[in-house]
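Hello,

Here is the structure I said I would pass on. My notes on it come below.

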Amino acid sequence: MTEGAEIGGREVDAGRGVVALEGMNKNEIAERLEEIGTLLELQGENPFKTRAYQSGARALEAMDADEFAARMAAGTLGELKGFGEALVDKVGKLHATGRLEFYDKLRAQIPDGVIALLEVPGLGPKKIKALREQLGVESPEALGEACRAGRVAELAGFGEKTQVKILEGLANRAAYGKRHRWWDARAVAEPIVEGLRGLAQVRRAEAAGSLRRNLETVGDLDFIVAARAEDAAAVTEWFCALPEVKEVTARGGTKASVRFASGLQADLRIVPEEQFAFALHHFTGSKDHNVAMRQRALARGLSLSEWGLVPDAGEGTAKEKAERGLSLRAESEAELFAHLGLAFVPPELREGLGEIEVAETAAGGGVALPRLVELADLRGAFHNHTTESDGKASLLEMRAAATALGWEYLGIADHSKSSVQARGLDEARLASQVAAIRAANAAGGGAWLFAGTECDILPDGRLDFDDGVLATLDYVVASVHSAFTQSEDEMTARIVRAVEHPRVTMLGHATGRLLLRREAYKVDLARVIDAAIANRVIIELNAHPSRLDLDWRLWRRAAERRLMCALNPDAHNTAGLRHVEAGVRVARKGWLTAENVLNTRDRAGVERWWSERR
DNA sequence: GCCGTTTTCGGCCCGACTGTTTTCAGTCG
């Protein structure tokens with residue numbers, strides 16, 4: 001294998017000493033396009049060109065694997081908006097061979113350290129270019145040295161303050177650069193929103209950004225407040241004085257930015273009440289959604305911004321026009337959408353993945369936007385643990401907690417014997433747990449208990465219990481808890497074998513990922529989803545804040561193909577049942593309705609669905 | 001790099017803030 005060949009695709013030994021090139025799959029190609037976008041950005045390329053690669057990457061990420069395969073086979077990728085001649089050519093080469101000379105050459109010009117420089121706050125492509133060309137800085141370490149030597153401040157366009165800010169950014173990079181789980185970000189944001197609403201000067205307040213869009217991880221918090229201009233200073237003062245604020249990083253007339261001790265950053269923006277709906281929409285994003293909305297506005301002779309929706313024609317900026325009272329009025333986001341001929345798009349759907357097209361037909365009386373599943377639709381959940389395995393609450397404590405939530409039923413699925421680390425149950429302990437569950441149901445006094453198991457899928461795809469044992473249960477959750485490092489083919493075959501087992505009711509946490517901590521194991525999810533649909537097996541949407549697995553990006557298409565979802569908290573204590581709050585939000589993000597989620601059905605409906613499978 | 005009811009070139013969404021400047025470039029969202 002030559003050195004040059006290692007840069008591009010993956011080389012595999014096809015036998016007899018012949019080395020063949022292996023093509024890339026859809027997600028690998030998406031990652032490569034994203035990387036090309038970043039590299040072009042660092043080269044100071046036209047920003048619109050870099051965006052073309054990045055939006056191509058996102059389109060592939062959101063695309064169903066089957067659709068991608070079909071389009072590659074039929075050569076119809078170019079029919080999609082955003083895929084022109086150049087991208088179709090590059091995607092085709094990566095798909096066929098895994099190699100792309102264009103990328104190899106680009107990559108060879110830019111060291112890893114330079115890519116890392118983009119993570120330093122305040123550094124963009126232009127400043128990095130100047131640092132490379134004038135100081136030879138090509139890594140965060142070299143940048144730190146140059147700052148300490150005072151050489152950065154001497155560059156044109158840089159200064160003392162920039163140099164200090166870069167040093168701080170380098171020091172904080174590890175701690176503050178990362179994203180945060182949605183669950184943790186919400187815990188910080190909710191009291192702040194309540195606090196803002198409690199201020200006499202504040203008319204309206206909301207958290208916007210990726211938190212409001214229910215993305216599984218959140219980069220920073222955005223708070224939008226409606227207040228009179230003369231009251232803005234008092235609101236800003238309150239915000240910057242919050243006890244958890246460690247540092248105020250920016251402070252202007254209508255905006256303040258702070259950093260909390262946890263590393264989470266937060267922006268506050270104060271707008272006049274008549275601009276609130278526009279500002280809330282703008283700062284909720286996503287960026288792709290906003291771009292599409294603005295383009296739609298322009299096509300109607302209007303200009304959309306956080307300031308309002310003003311006529312595109314005439315003198316002055318959109319802001320000036322809004323201040324002259326030229327904006328259309330919108331008391332709510334729904335009215336904003338209506339001005340553009342659209343039905344209201346829930347925040348979690350605003351990812352620039354076709355929601356505007358659907359909202360248009362919905363407004364026109366055609367296909368309606370779905371009524372997304374809501375927390376109140378849930379009547380129970382199936383994947384929960386007790387003190388019998390690695391839970392912290394007893395069977396009856398868990399039932400009491402479920403009853404308190406208003407749930408009609410609760411499924412108990414403790415670990416099976418191979419999960420020794422989790423005190424998994426053997427056949428005898430499982431039998432006595434089942435007896436305890438039947439007895440509790442006979443005694444009554446709370447939510448109905450379903451007897452299940454979270455049965456390990458062994459490395460070869462067999463289950464951890466015999467069929468006879470499984471037959472004593474109401475349902476079976478099958479999950480992978482071992483041998484995470486198998487090859488994609490092995491893992492896929494392993495999971496598909498379990499899904500094809502007649503006693504398996506649902507597949508637990510399909511990829512094993514732990515957000516911000518552990519990557520998913522390698523598995524061909526398209527084949528797993530196909531097998532689940534073919535065998536009428538449910539796939540779980542594990543609602544644990546660190547999992548949210550299966551990923552929301554895959555649910556829309558899978559549900560259209562009649563894949564049934566079970567929204568499970570994977571609770572290990574009574575408080576853990578509330579994880580469904582995170583799960584419902586991610587399910588909504590995957591366009592799921594109550595009909596797509598089994599645990600919105602009543603007990604009889606659940607039992608009927610299970611019996612029909614057998 | 002993409003795109004077209006201003007169509008094959010010349011645009012491409014819009015504004016705030018910072019720091020370095022003295023009218024603006026760069027970064028960020």
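The notes cover a pocket and then a helix.

This is a predicted model, in which local features need pLDDT of at least 70, side-chain atom pairs count only at pLDDT 80 or more, and totals for chains, interfaces and linings use all residues. Residues are numbered from 1 along each chain as its sequence is written, and side-chain values use heavy atoms, with hydrogens and water left out.

The second largest pocket holds about 600 Å³ of space. A pocket here is an open set of points on a 1 Å grid over the protein atoms alone where a 1.4 Å probe fits, with protein on both sides within 12 Å along at least five of seven lines; lining residues have an atom within 4 Å of a point. Its lining has 25 residues, and Pro121, Gly122, Thr249, Arg259 and Gln265 lie nearest the centre. Helix 10 (160–176), strand 7 (245–251), strand 8 (255–260) and strand 9 (265–271) each give two or more residues to that lining, with the largest share, eight residues, coming from helix 10. The pocket lies between domain 1 (4–176) and domain 2 (178–271), because both give residues to its lining.

Helix 23 spans residues 525–534; helices are DSSP runs (H or I, at least four residues) and strands likewise (E, at least two). Its buried residues (under 20% relative accessible area, 1.4 Å probe, protein chains only) are Leu525, Ala526, Val528, Ile529, Ala531 and Ala532. At the start of helix 23, a side-chain oxygen of Asp524 comes within 3.2 Å of the backbone nitrogen of Ala526. Just after helix 23, Arg536 has a positive phi of about 55°.

Regards

Conventions:
Chains are lettered from A and ligands numbered from 1 in the order in which they are written. Grid points are joined across faces, edges and corners, and a volume is the space filled by probe spheres set on the points. Domain bounds come from an automatic or database domain assignment. Buried means under 20% relative accessible area, exposed over 50%, partly exposed in between (1.4 Å probe, protein chains only). A polar contact is a pair of N or O atoms within 3.5 Å; within protein, one must be able to donate a hydrogen and the other to accept it, and residues adjacent in sequence count only if both atoms are side-chain atoms.
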